[in-house]
Amino acid sequence: MNDDLVRAIDDKRLVEFVYKTGGTRIVEPHDYGIRRGAEALLGFQIGGERQSGAPHGWRHFDVDQIRHLRVLERRFAGTRADSAQHHRMWDTLFARVT
């Protein structure tokens, strides 16, 4: 379990990281847990790069592909409560933003 992700979700703080071999992303972390046997993060990307599609929006990240994770000082409001949020079914849920 990644304590930094849990802390970021609990404190509603943005995270910044490099995903796979791409560039830096800035994300509101919303759900973090184990899904289909692997650690995963559901987040709303608000900045940075993306290999395809829009640079902003809901994303599912495999935690083992996250590098250089930093919890930022900047906070976000919490749940977006929109129909696109699609909270996933989790095998184990470590943290969820409220």
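**Entry 1: two phenylalanines.** I began with Phe17 and Phe61 and found both buried; the term means under 20% relative accessible area, with exposed over 50% and partly exposed in between (1.4 Å probe, protein chains only). The model is predicted, so I note that local features need pLDDT of at least 70, that side-chain atom pairs count only at pLDDT 80 or more, and that totals for chains, interfaces and linings use all residues. Residues are numbered from 1 along each chain as its sequence is written, and side-chain values use heavy atoms, with hydrogens and water left out.

**Entry 2: aromatic pairs.** I looked up the aromatic pairs and the structure holds 5. Rings of Phe, Tyr and Trp (its six-membered ring) pair if their centres lie within 6.5 Å; planes under 30 degrees apart count as stacked, over 60 as edge-to-face and the rest as tilted. Phe17 and Phe61 form an edge-to-face pair, with 5.1 Å from centre to centre and 85° between the planes. This pair links distant parts of the chain, since Phe17 lies in strand 1 (residues 13-19) and Phe61 in strand 4 (residues 57-62), 44 residues apart. I took strands as DSSP runs of E with at least two residues and helices as runs of H or I with at least four, numbered from the N terminus. Phe17 and Phe61 also belong to one aromatic cluster with Tyr19.

**Entry 3: Phe44 and its neighbours.** I next recorded the rings of Phe44 and Trp58, whose centres are 5.2 Å apart and whose planes stand at 80°, so this pair is edge-to-face. Phe44 in strand 3 (residues 38-48) and Trp58 in strand 4 are 14 residues apart, and their pair links distant parts of the chain. Phe44 is buried because its relative accessible area is 15%; Trp58 counts as buried at 16%. Over the ring of Phe44 sits the charged end of Arg80, 3.6 Å from the ring centre. For this I required NZ of Lys or CZ of Arg within 6 Å of the ring centre and within 35 degrees of the ring normal.

**Entry 4: strand 2 and its partners.** I counted strands as paired if DSSP finds at least two bridges between them. Strand 2 (residues 24-35) pairs with strand 1 in the antiparallel sense over 4 bridges, and Glu16 stands opposite Ile26. The hairpin of strand 1 and strand 2 has 4 residues between the strands, and in this hairpin Lys20 takes a positive phi near 55°. With strand 3, strand 2 pairs in the antiparallel sense over 10 bridges; Val27 stands opposite Gln45 there. In the hairpin of strand 2 and strand 3, with 2 residues between the strands, Arg36 takes a positive phi near 55°. Strand 2 and strand 6 (residues 92-96) run antiparallel and are joined by 4 bridges, with Ala95 as the bridge partner of Tyr32.

**Entry 5: Arg25.** Is Arg25 buried or exposed? I found Arg25 in strand 2, and its relative accessible area of 7% makes it buried. The side chains of Arg25 and Gln45 are joined by a polar contact of 3.1 Å.

**Entry 6: the whole chain.** I listed 1 helix and 6 strands, in the order α-β-β-β-β-β-β from the N terminus on. Buried residues make up 41% of the 98 residues. Among contacts (heavy atoms within 4.5 Å) between residues at least 6 apart in sequence, 60% join residues at least 24 apart.

How values were computed. A polar contact is a pair of N or O atoms within 3.5 Å; within protein, one must be able to donate a hydrogen and the other to accept it, and residues adjacent in sequence count only if both atoms are side-chain atoms.
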